[in-house]
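Here are my notes on this one, as numbered points. Have a look at the structure first, then read on.

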There are 2 protein chains.
Amino acid sequence: MTADRPLRTAEVIAVGSELLGSTRLDTNSLYLSEKLAALGIELRAKAVVGDSRDDLAKIFRQALDRVDVVVLTGGLGPTDDDVTRDVVGSVLNLPFTEDASIVEWIEQRFSRRGMHMPEVNRRQAMVPRGAIVLDNPNGTAPGLFIEHEGKVVVLLPGPPRELQPMFERLVAGPLGSRSGSERIYNTVLLTTGRGESHIEEAIQPIYSTWREETPPIETTILATPGQIEVHLSLRSDDPVKAKARLTSAREALVAALGEAVFSLDGRPMEQILGELLRDRGLTISAAESCTGGLFLSRLTDVPGSSAYVLSGVVAYSNRAKTDFLGVSPDLIAAHGAVSEPVAVAMADGIRSKTGASFGIGITGIAGPDGGTPEKPVGTVAIAVVGPDGAAKVRTLLLAGSRSMIKFWATQAAMDVVRKMIVRDEAVCRH
Amino acid sequence: MTADRPLRTAEVIAVGSELLGSTRLDTNSLYLSEKLAALGIELRAKAVVGDSRDDLAKIFRQALDRVDVVVLTGGLGPTDDDVTRDVVGSVLNLPFTEDASIVEWIEQRFSRRGMHMPEVNRRQAMVPRGAIVLDNPNGTAPGLFIEHEGKVVVLLPGPPRELQPMFERLVAGPLGSRSGSERIYNTVLLTTGRGESHIEEAIQPIYSTWREETPPIETTILATPGQIEVHLSLRSDDPVKAKARLTSAREALVAALGEAVFSLDGRPMEQILGELLRDRGLTISAAESCTGGLFLSRLTDVPGSSAYVLSGVVAYSNRAKTDFLGVSPDLIAAHGAVSEPVAVAMADGIRSKTGASFGIGITGIAGPDGGTPEKPVGTVAIAVVGPDGAAKVRTLLLAGSRSMIKFWATQAAMDVVRKMIVRDEAVCRH
């Protein structure tokens, strides 16, 4: 093995007709991309193919021709639709033999549930010659690890809860020992409140020089509603140097972008804000209209958030704004439900009723209907009343679908709170 | 053209390094899969490839070898990273010429913003011989439609808001006229409240016979937390017969699955419930603990939901349960915050305070901490008080991550309301 050149490139092939045109996020490719990069193996392409033997054979053969490692996920079950094992064996021209220990193990799994193993499950025990069988404690389909003419082929079950522990325990080690001394190092910055072109303009002169350095740092900018991500990556055989270079690169970006940067490691806004609140013993409550509960739902996605989230009111109707939050009907009549004074009154109301450090008020028009020439769809007023009782208020005009506007509004509201906490401390420190 | 055999199969190739290892949902493939199926063209595989010319050339050449239609998305911009146009032209061996009208059009786009067109944008005007240029009113990158030796190659811009109108206006027509008389017809059922194996067991004897019929109906079962989807599809040249067969197939499944089926067309639960409420002039309010606002956030994702969503309280703390909802501290002390009596008191409280037809109370342990031997993580009590003031209450034990438990709890709560409305009418009708 040591005579072989190191494994550097990989392709992932996901097998299953149900994956074509699926609405589900392909978490396996994402997971494998990260894990392979950590081993110094670059994911060059990924493919999704139905249960057709012919298509899979061609795609697998072609991938094997292009890259050093081919990872196939799914299609390892006992039925006729599960073609991966057969196709890989026949493309590599490996004869199959039944592995008695796998048959026994599958039989035990069934008998523990008081059932007989259906004959069809014997297929799962067929092993191509020379393949290493990968145990699957979380399902019936074992994986396979095959070395073939200096390349590696890995077959993994499709369900993430079977695939991930199998990769971690049984695949990462053998792959890493064959991938040479280089590794791929990554870091990511998350920003909010500024557009993609602003971010690009501010950092392009900085990152463009990194491409010329040895080894180069690759920079990728990804824009999503409410958030711009800046990804940096670097291939190196020196972990200490690589990490130091990424850290100083990140610092250069932070210096250029200032407080638009909210996360230095990919943690989402709700977690960043949650930690700021928790570490300072601060609490938060929210009164939401157009975001319909999403602000607090995001905050409470974080484990342990009950330490700082007190409570909230979803005040979709004017009556709820008055009954639950004490917003005066006259104020609503004078300024309209979507207005800065009403947002402030909502924030004040929820804060004083719950005794929270921060009270949030969000009112707006998420669309697609309800807009007017003065207050078009996407108009959102956000108010935050802080520990000193002073209010910070702003009106945004957001673009996109209803759910994009809802998300963006909650992101902006969390960012106002984040900046109030961070700026306050910056002032205190001077 | 008429001499050519009809286009039946397709592959989608998404180009862009940022798509490998991205956390984003690949909406383009999903969109194209549905649109191509509607034209009778089956998506056989999809691929994602970085910006490497070499990789893309190989993957494109291989796709062209396997299928009738290759759709490439992304990589049409003006920079060196945008390799799609060049690679396709060189694999097909087509010489490029600059299209003066595209140059002019891009120049106008820039001058409207008071800018000069950068020289680099000329690349976007290079057109392979014989290609039809597809206008892009929503961006600078035009698409291309190329017929080549009986096959079709389509180049589309990556952003969905540019890709979708271009496909709809300029690609669907020409593709449809070359795809013969067969079309692929689909339908989908959504169920909740029963596990995948229950659904499979109930319908397997039914759908297994459909595979033997001519033409066969393909059945796919997809499980996600809180929801099982049953997809049916059929290739036919007779739209009336095809739709009638799918309708009767769907009816056979509904008869077997009963009220577990909540959607006959893919509309999500929040929309189904919203329409039930709106059509009957009913209203809803919710008191949420462990779901943290997600119940109302989902309901208010639906446009027009302000007609039936009144308001809600996120009562994370015991104090909020008492202050906002009038839940007695003694009740909480006697049964614990996560209990059926407290869920009922929350539902009663929010209903009477807001005057809604339905009041919902949800209290549980979303984890990962906070479980006890009697009430482990995933324990959720759900209460619904209906228009007659009677309560329906149930306790679930849900599995999975915190956000899965939150979603599942909101799905189950919506399903209780749905069944109360539907059953009530079933009773009245008899």
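Which residue in S16(B) does Gly361(B) stand opposite?

1. It's Ala383(B) that stands opposite Gly361(B). The setting is a pair of strands, S15 (residues 358-364) and S16 (residues 379-385) of chain B, which run antiparallel and are joined by six bridges. Strands here are DSSP runs of E with at least two residues, helices are runs of H or I with at least four residues, and both are numbered from the N terminus. Two strands count as paired if DSSP finds at least two bridges between them.

2. Before going further, some housekeeping. This is a predicted model, where local features need pLDDT of at least 70, side-chain atom pairs count only at pLDDT 80 or more, and totals for chains, interfaces and linings use all residues. Residues are numbered from 1 along each chain as its sequence is written, chains are lettered from A and ligands numbered from 1 in the order in which they are written, and side-chain values use heavy atoms, with hydrogens and water left out.

3. The two chains first. The same surface serves both copies, since 98% of the contact residues of chain B recur in chain A; contact means heavy atoms within 4.5 Å.

4. Now the sheet. It is open, has 10 strands with mixed pairing, and runs S17(A)-S16(A)-S15(A)-S13(A)-S14(A)-S14(B)-S13(B)-S15(B)-S16(B)-S17(B). Its edge strands are S17 (391-397) of chain A and S17 (391-397) of chain B, each pairing on one side only. From one strand to the next, the twist averages 10°. (Axes are lines fitted to C-alpha atoms, for helices over the stretch in contact, and angles run from 0 to 180 degrees between N-to-C directions.)

5. Helix H12 (residues 340-354) of chain A packs on this sheet, touching S13, S14, S15, S16 and S17 of chain A, and its direction makes about 145° with that of S15(A). Helix H10 (residues 318-325) of chain B packs on the sheet too, touching S14 of chain A together with S13, S14 and S15 of chain B. The direction of H10(B) makes about 145° with that of S14(B).

6. What about helix on helix? H1 (residues 27-38) and H5 (residues 160-177) of chain B pack at about 20°, with axes 11 Å apart. They are therefore roughly parallel to each other (the cut-off is under 35 degrees). Among the residues that meet are Tyr31(B) and Leu32(B) from H1(B), and Leu163(B) and Phe167(B) from H5(B).

7. Is H8(B) enclosed or open? Eight of the 11 residues of H8 (residues 269-279) of chain B are buried, so it is largely enclosed by the rest of the structure. Buried means under 20% relative accessible area (1.4 Å probe, protein chains only). Among the buried ones are Met269(B), Ile272(B) and Leu276(B). Gly281(B) follows H8(B), with a positive phi near 65°.

8. Two threonines to finish. Thr283(B) sits in the loop between H8 and S13 of chain B and, at 17% relative accessibility, counts as buried. Thr379(B), in strand S16 of chain B, counts as buried at 9%. Beyond residues up to four places away in sequence, Thr379(B) touches several residues, including Val338(B), Thr363(B) and Leu396(B).

Technical notes: Buried means under 20% relative accessible area, exposed over 50%, partly exposed in between (1.4 Å probe, protein chains only). Angles under 35 degrees count as roughly parallel, over 145 as roughly antiparallel, 65 to 115 as roughly perpendicular and the rest as oblique.
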